[in-house]
Amino acid sequence: MGRDRVPPVPAPAAYIGARVKRGDDPRLLTGRGRYVDDLTLPRMVHVAFVRSAHAHARLARVAVDAARRAPGVVGVLTGDDVARLCKPYRGVLLHYEGMKTGAMLPLAVGRVRYVGEPIVALAAESRAAAEDAAALVDVECEPLPPVLTPAAALAPDAPLIHPELGDNLLYETRLAAGDPTAPSPPPIASGRAVHDRTAHRRAARAAWPRRRLRAGDARAHGVDLHPGAAHDAGGARRALRPPEHRLRVIAPDVGGSFGIKIHVYQDDMAAVRDGADAGPSREVRRRPARVLPVRHPRPRADHPRSRWRRTATAS
């Protein structure tokens, strides 16, 4: 590593008020970083997606024949294709007891449930060829009523985004402290407050787009994954189903993300599955495609209730 060697970590107290040099800066600022977009492998194909323009719609028709015949195209995947190749999965936080979510596949099947949901994945000999072929895909949608706020999602007549769940409630929790019903000395003033509030979260939008590169044959020698985020190995296991000892993760420089790379997205799995029989595959998103499919800022409804009292204090 030479001059790029990471310096020893000082004691925690030494960080306060100190100018701490970042060990990666000399290498990155002089153009010696190695990101997924810098990697080139023999026979590598490039992945592009056709995405939903609707928040909620039924897929009436997905025509890919023209895209399959486009110059340089080596593979096209639709939702019906991946339904035969991959098992549905659910992503929940196990420490959130009672949390639920709808089953997902790498590509939409039957309906789309958010703007940017991937519908078709295409692999081609160049990024331009993949994007040109994506423009030839003909998708017909029948719009369905969307749900855009917590109140609308929980209304008795709300359309169900995942009908198998029975409702649109993802997670509900109750937090309490103290005993508001316990007897107490007569206060000088007391009261009870009930508030209803909807919080609109702001989500981080990092400058680094999502990207990944997959190489190898899961059924033969194994798979090398060069991820744009550490969790991509989980997507590769679901999409390619290799034995664990045949999956090798080689982490390049990945840049920051402020949290949006922590999830496993549908197109993560579709990208490693698409072109799996054609050779190494790489996806590097342009900025609009980077923003659309990531976890959106979601409104959250809070209903705090409090009881308070103020007693006399001696001065």
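This is a predicted model: local features need pLDDT of at least 70, side-chain atom pairs count only at pLDDT 80 or more; totals for chains, interfaces and linings use all residues.
Local features here need pLDDT of at least 70, side-chain atom pairs count only at pLDDT 80 or more, and totals for chains, interfaces and linings use all residues. Residues are numbered from 1 along each chain as its sequence is written, and side-chain values use heavy atoms, with hydrogens and water left out. Helices (H or I, at least four residues) and strands (E, at least two) are DSSP runs, numbered from the N terminus.

**The sheet around S2**

- S2 and S6 run antiparallel and are joined by 6 bridges; two strands pair if DSSP finds at least two bridges between them.
- The open sheet has 3 strands in the order S4-S2-S6, with antiparallel pairing.
- S4 and S6 (138-143) are its edge strands, each pairing on one side only.

**Strand S1**

- S1 is mostly covered, with 7 of its 7 residues buried (buried means under 20% relative accessible area, exposed over 50%, partly exposed in between, with a 1.4 Å probe and protein chains only).
- In a regular strand the side chains alternate between the two faces of the sheet.
- Here both faces are covered: Val45, Val47, Phe49 and Arg51 are buried on one side, and His46, Ala48 and Val50 on the other.
- S1 runs antiparallel to S5, with 6 bridges joining them, and Val50 has Val120 in S5 as its bridge partner.
- S1 also runs parallel to S12 (residues 281-284), through 2 bridges; Val45 stands opposite Ser281 in S12.

**Nonpolar cores**

- A nonpolar core is a set of buried Ala, Val, Leu, Ile, Met, Phe, Trp, Tyr and Cys residues joined through side-chain atoms within 4.5 Å.
- The largest one has 20 residues, of which Val120, Leu122 and Val137 touch the most other members.
- At least two residues of this core come from each of S1 (45-51), S2 (57-63), S3 (73-78), S5 (118-124) and helix H4 (127-134).
- A second, separate core of 7 residues includes Leu77, Val82, Leu107 and Ala121.

**The aromatic pair**

- A search of the whole structure finds 1 aromatic pair.
- Tyr96 and Tyr171 are stacked, at 4.8 Å centre to centre and 15° between the planes.
- Rings of Phe, Tyr and Trp (its six-membered ring) pair if their centres lie within 6.5 Å; planes under 30 degrees apart count as stacked, over 60 as edge-to-face and the rest as tilted.
- The pair links distant parts of the chain, with Tyr96 and Tyr171 75 residues apart.
- Tyr96 counts as partly exposed because its relative accessibility is 35%, and Tyr171 does so at 28%.
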